[in-house]
Amino acid sequence: QSNANKEDGLALLRQFITQLPQLKNANEPYPISLRGINWIKFLVQHEIRDALIDNSLYSQYALLRNSIEYHLLGNHLLENACSLYIGGIYFNDEKLKSKGFVLLSKELKEQILLDGGHYELSPMYHQILLSRLLDCYNFAKDPTEKQVLKSYALKMLAWLNAHPEKQLQGRSLDAATVISGFVLGVLVTISSIGAGAVGATLLV
């Protein structure tokens, strides 16, 4: 939750870790992908490094790395890739980051059409994945990787502007201001912590 305070958030994470062995579906790739990014954004926002949480999170990423949802494709595979990439940056794990970015680059090339639309043609998925792409952009440190992510984000934003009827709230988006952290019509929250801006989230 974006408004969770540090103490409540830590309590929830630690409670989840103790319950994780009994949670039947918690270690499926898709929940790990979403949970991993949410945990990292919370931890970075509050400048937390906790051995128990980091060890659990890294173990979850080890599971994800070996259970990528190639069989489902689509938005699941993009979420897997984004989470591996952000997890690799968080843990300073070059192999994890590289696996995520290679998969992310491949899937963006396949799933983002020439006009910038997502190939499932779902406005909801399009905006969710654009939100995730902005997360990746704001965590990225490598200039080449940032440029790749930025180019796809701009294309996806252009698609939304060209198809206002497909926007969930019918609002115009300004691509350049999204990248810099200010948006016309859609709220983007960016927390500037440490080396750079992290945790961009589209709230639509």
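**Close-up views of a predicted model**

The side chain of Y61 and the side chain of S83 make a polar contact at 2.9 Å. The views below come from a predicted model.

**View 1. Y61 and its polar partner.** Y61 is part of helix α3, which spans residues 51–65. Its side chain meets the side chain of S83 in a polar contact of 2.9 Å. Y61 has a relative accessible area of 1%; it counts as buried because this value is under 20%.

**View 2. The surroundings of Y61.** Leaving out residues up to four places away in sequence, Y61 touches G36, I37, I40, S83, L84, G87, F91 and L96. G88 is 27 residues from Y61 along the chain, and the C-alpha atoms of Y61 and G88 are 9.0 Å apart.

**View 3. A nonpolar patch on the surface.** The patch consists of L73, L113, Y119 and L121. Together these residues have about 340 Å² of accessible area. One of them, L121, sits in the loop between α5 (94–111) and α6 (123–139). L121 has a relative accessibility of 57%, so it counts as exposed, the cut-off being over 50%.

**View 4. The whole chain, for orientation.** The protein chain has eight helices and two strands. Starting at the N terminus, the order of elements is α-α-α-α-α-α-α-α-β-β. The chain has 204 residues, and 49% of them count as buried. Of the contacts between residues at least 6 apart in sequence, 61% join residues at least 24 apart.

Key:
Residues are numbered from 1 along each chain as its sequence is written. This is a predicted model: local features need pLDDT of at least 70, side-chain atom pairs count only at pLDDT 80 or more; totals for chains, interfaces and linings use all residues. Side-chain values use heavy atoms; hydrogens and water are left out. Helices (H or I, at least four residues) and strands (E, at least two) are DSSP runs, numbered from the N terminus. Buried means under 20% relative accessible area, exposed over 50%, partly exposed in between (1.4 Å probe, protein chains only). Contact means heavy atoms within 4.5 Å. A polar contact is a pair of N or O atoms within 3.5 Å; within protein, one must be able to donate a hydrogen and the other to accept it, and residues adjacent in sequence count only if both atoms are side-chain atoms. Patches are made of residues with over 30% relative accessible area and no salt bridge: like charges are joined within 9 Å, nonpolar side chains (Val, Leu, Ile, Met, Phe, Trp, Tyr) within 5 Å. Accessible areas come from the Shrake-Rupley method with a 1.4 Å probe; for residues, only the protein chains shown count as cover. A salt bridge is a side-chain nitrogen of Lys or Arg within 4 Å of a carboxyl oxygen of Asp or Glu.
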